Amino acid sequence: MFGAVAAAAALIVAGLVTASPASPASLTEVTNFGNNPSNLRMHLYVPNSVSSRPPILVAVHYCTGSGPAFYSGTQFASLADRYGYIVIYPSATRSGSCFDVSSPQALKHDGGSDPVGIISMVKYVQQHNNGDPDRVYVTGASSGGMMTNVLLGDYPDVFKAGAAFMGVPFGCFATTDGSSWNSACANGQVTKTPQQWGDLVRAAYPGYSGARPRMQVWHGTEDGTLRYPNFQEEIKQWTNVLGVSQTAVLTDRPQSNWTRTRYGNTGTQPPVEAISVQGVGHDLPQSGMAEAAIQFFGLAGGTPTPPVTPTPPVTPTPPVTPTPPTSPSPPAGGCRVTYTMQSWNTGFTASVTIANTGTTTIGNWSLAFGLPSGQTITSAWNATISPSSGQVTAKNVSYNGTIAPGSSQNFGFQATHTGGTGKPASFSLNGTACSVA
């Protein structure tokens, strides 16, 4: 599933040295590492050259995978050889080899299940390998990307930053029936306001008021397993948790099919960083992505960015564009539309949130708006949209047809453009004009 790693690189270089080289580092299994309620296995990679107080990276595998498979299939170990950090590779042992990101126990600080076992692994490395408690990071793909979100929510006191590949927001996969799969979340059908997503994270560790870990999220636009709308929901969640605006302060393209946005500041280690990978499915990380994660953590040299402590109140109210004084307040059935874009040289994705600002429930909604010239919709989620260009209408699907007062629904679409990346000038919901946030 994942790109092959040049695991033999260190051996090739060593073969060119005339003196007898040291034996290469290897992956070793650790047992009896501490409290482990779900019987996870632990594998550890310690490079030959580490500092006296090395950073720790937890690298979490995908469903059907294992710690050794993630070790051999990603670049995190070879990068550890270069930068001198220690890598922990947990392995899930339940059927399907997925991590628990859905049970009530897993979504609570010291609640039990897999997160507790992973924290025991971190403590083991701190005690036995002198790992630096102020430089602990986590990354993962698919199930591991979801676990990255969970660990940052459960243990903000342990982790300084995370990089989630193909994940979903903290709490999105929650279930109460004992199952471990949440189809609505996987299909991108679970949408919440930034405040609601942030509240889920804060509820995992009630009373915690310390620094919150920074977050980097990655997603392929064609992901058919954990669908692309989850990417925007993760951005909403972590910008809220970290108390920064959802409006990107920097957008660039490190590679031809990457669109990178930064939130909170424009530096290399912002509070939140998001990378959308155009045309790629459930197949991350790919070449260069592991190193980008290591750079985000601050493990590639230089001084790490201090952890982010949100300024009270922790969760600011999302900004709302006030209604012009000349316009009356929205009547019952009023609406407000928030429209955000992430664009690249030939296309973009748009996320549209319809908020019911009135006093009566809106049913069977239909949102009309005009796409600027040259923009053509190619796919959509959480709505049906027609036609594909010009004046278009987005209609609800079977599961999101009502919007209660004070609530909202979200949909999105992917489109091409011929150079213009402007936004629609106005929106009309069931024939009534909406305000625009």
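**Loops, a buried glutamine and a helix pair**

D110 sits in the loop between strand 4 (86-91) and helix 4 (113-128); helices here are DSSP runs of H or I with at least four residues, strands are runs of E with at least two, and both are numbered from the N terminus. The model is a predicted one, where local features need pLDDT of at least 70, side-chain atom pairs count only at pLDDT 80 or more, and totals for chains, interfaces and linings use all residues. Residues are numbered from 1 along each chain as its sequence is written, and side-chain values use heavy atoms, with hydrogens and water left out.

Most residues other than glycine have a negative phi, and most peptide bonds are trans. D110 is not a glycine, yet its phi is positive, at about 55°. With a relative accessible area of 53%, D110 is exposed (exposed means over 50%, buried under 20%, and partly exposed in between, using a 1.4 Å probe and protein chains only). N39 also has a positive phi, near 60°, without being a glycine. This residue, N39, lies in the loop between strand 1 (27-30) and strand 2 (41-45), and N39 is exposed because its relative accessible area is 55%.

Next come the cis peptide bonds. One runs from L284 to P285, with omega near 0°, and P285 belongs to the loop between strand 10 (272-277) and helix 9 (289-297). Another joins S386 and P387, with omega about -15°; P387 is in the loop between strand 16 (384-386) and strand 17 (391-395).

Q216 is part of strand 7 (residues 214-220). Its relative accessibility is 0%, so Q216 counts as buried. The side chain of Q216 makes a polar contact with the side chain of W218, at 2.8 Å (a pair of N or O atoms within 3.5 Å; within protein, one must be able to donate a hydrogen and the other to accept it, and residues adjacent in sequence count only if both atoms are side-chain atoms). Leaving aside residues up to four places away in sequence, Q216 touches several others, including G162, E273, I275 and F296; contact means heavy atoms within 4.5 Å.

Finally, there is a helix pair. N149, L152 and G153 in helix 5 meet E234, Q237 and W238 in helix 8. The residues of this contact divide into 2 nonpolar, 3 polar and 1 charged (Ala, Val, Leu, Ile, Met, Phe, Trp, Tyr, Cys and Pro count as nonpolar, Asp, Glu, Lys and Arg as charged, and the others, Gly among them, as polar).
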